[in-house]
Amino acid sequence: MATINDVAAKAGVSTATVSRTLNGKSTVDPALAARVQAAAAELGYHPNGLARNLRRQETAVLALIISDVENPFFTAIARGVEDIAQTAGYSVVLCNADDNEEKERRYIDVALQERVAGVVLSPTGRATNVDRLTQRGTPVVAVDRPLQANTGDQVLVDTRLAARDATRHLLGGGYRRVACVSGPPGVRTAEDRLAGYTDAVGAENALTRRAEFRAEGGRLAALSLLDEPEPPDALLVGNSAMAIGVLEALASRGLRSGQDVGIVSFDDAPWTTLIQPPLTVVAQPANEVGKVAAELLLARIGDSTRKATTTTLQAKLIVRRSSRRE
């Protein structure tokens with residue numbers, strides 16, 4: 001691999017001249033700059049951008065710390081972040097916290113050690129702490145779930161309103177006992193979806209189960225609800241991973257979604273239209289969440305004095321046959 005010394009020797013200039021030329025400095029004589037460019041091209045030399053930026057105490061890299069890389073919602077956020085970052089000349093490092101507070105802390109440590117330019121973070125819960133990042137001057141944008149201190153920029157989705165509307169949709173479709181399968185306590189999105197559901201049915205009629213935002217959690221929660229003396233005839237499900245477990249639970253009891261038990265799930269995963277009947281979903285604008293978050297982060301990198309903002313996007317109910325009695 002060619003080095004800066006190789007380029008300097010071939011062009012007959014100093015390494016300082018090579019560095020200034022390749023960094024776009026206008027103080028280099030055009031004839032010398034042309035020789036350097038020709039030598040670098042012939043040798044296939046590329047500047048070590050990471051080392052250069054480390055000397056400046058910064059890198060053209062953003063860290064994206066998400067809760068669950070297997071969840072299509074978060075992978076869509078990641079795509080949105082990357083699309084904006086790449087256009088602006090930044091690379092993105094993806095970190096999967098796995099809804100684990102210790103893993104999240106370790107990735108924050110990595111972001112500090114690598115001197116990333118900024119962090120997009122989906123907080124795992126109440127214990128998430130970004131003080132070390134902010135004290136170092138590293139910009140942070142929270143997505144999906146707000147930071148408890150409500151400091152810094154954040155991009156959220158109004159899932160409480162969406163959950164209320166989805167529950168009312170089930171009630172309007174003739175289902176009489178609607179239950180909610182929501183995420184674990186302390187996770188803001190789980191609390192919001194449960195609150196929206198309760199807004200629709202009333203606290204006195206609420207029938208709920210809490211579980212991890214995973215398929216097995218959804219399966220066990222659904223089985224528990226189906227074992228109630230008066231089991232529900234419809235379910236609002238916290239996310240698409242849970243929905244897989246819920247559908248497995250219904251199949252194990254010989255129940256059909258829609259006809260026997262109405263189902264509405266958060267997140268429009270690719271498989272939701274491939275099953276029979278297709279799944280009614282609350283589609284969140286995940287890609288847009290990522291893009292807005294990246295734009296806010298880049299703006300914050302450019303101007304650290306900007307006033308912190310909270311952007312709240314709206315979800316959309318997409319009605320399919322799993323929430324219809326046919």
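A cavity here is a set of points, on a 1 Å grid over the protein atoms alone, where a 1.4 Å probe fits but cannot get out, and its lining residues have an atom within 4 Å of a point. This is a predicted model, in which local features need pLDDT of at least 70, side-chain atom pairs count only at pLDDT 80 or more, and totals for chains, interfaces and linings use all residues. Residues are numbered from 1 along each chain as its sequence is written, and side-chain values use heavy atoms, with hydrogens and water left out.

**View 1. The largest cavity.** The structure holds 2 cavities of 30 Å³ or more. The largest has a volume of about 110 Å³, a volume being the space filled by probe spheres set on the grid points, which are joined across faces, edges and corners. Of its 14 lining residues, Asn71, Phe74, Arg145, Phe213 and Asn239 are the closest to the centre.

**View 2. What lines the largest cavity.** Two or more lining residues come from each of α5 (72-87) and α9 (188-201); helices are DSSP runs of H or I with at least four residues, numbered from the N terminus. The lining comprises 3 nonpolar, 5 polar and 6 charged residues (nonpolar: Ala, Val, Leu, Ile, Met, Phe, Trp, Tyr, Cys and Pro; charged: Asp, Glu, Lys and Arg; polar: the others, Gly among them).

**View 3. The second largest cavity.** This cavity has a volume of about 30 Å³. Pro123, Gly125, Arg145, Pro146, Gln148, Gly186, Val187 and Arg188 line it. The second largest cavity lies between domain 2 (54-156 + 286-313) and domain 3 (159-284), because both give residues to its lining; the domain bounds come from an automatic or database domain assignment.

Technical notes. On a 1 Å grid over the protein atoms alone, a cavity is a set of points where a 1.4 Å probe fits but cannot get out, and a pocket is an open set with protein on both sides within 12 Å along at least five of seven lines; lining residues have an atom within 4 Å of a point.
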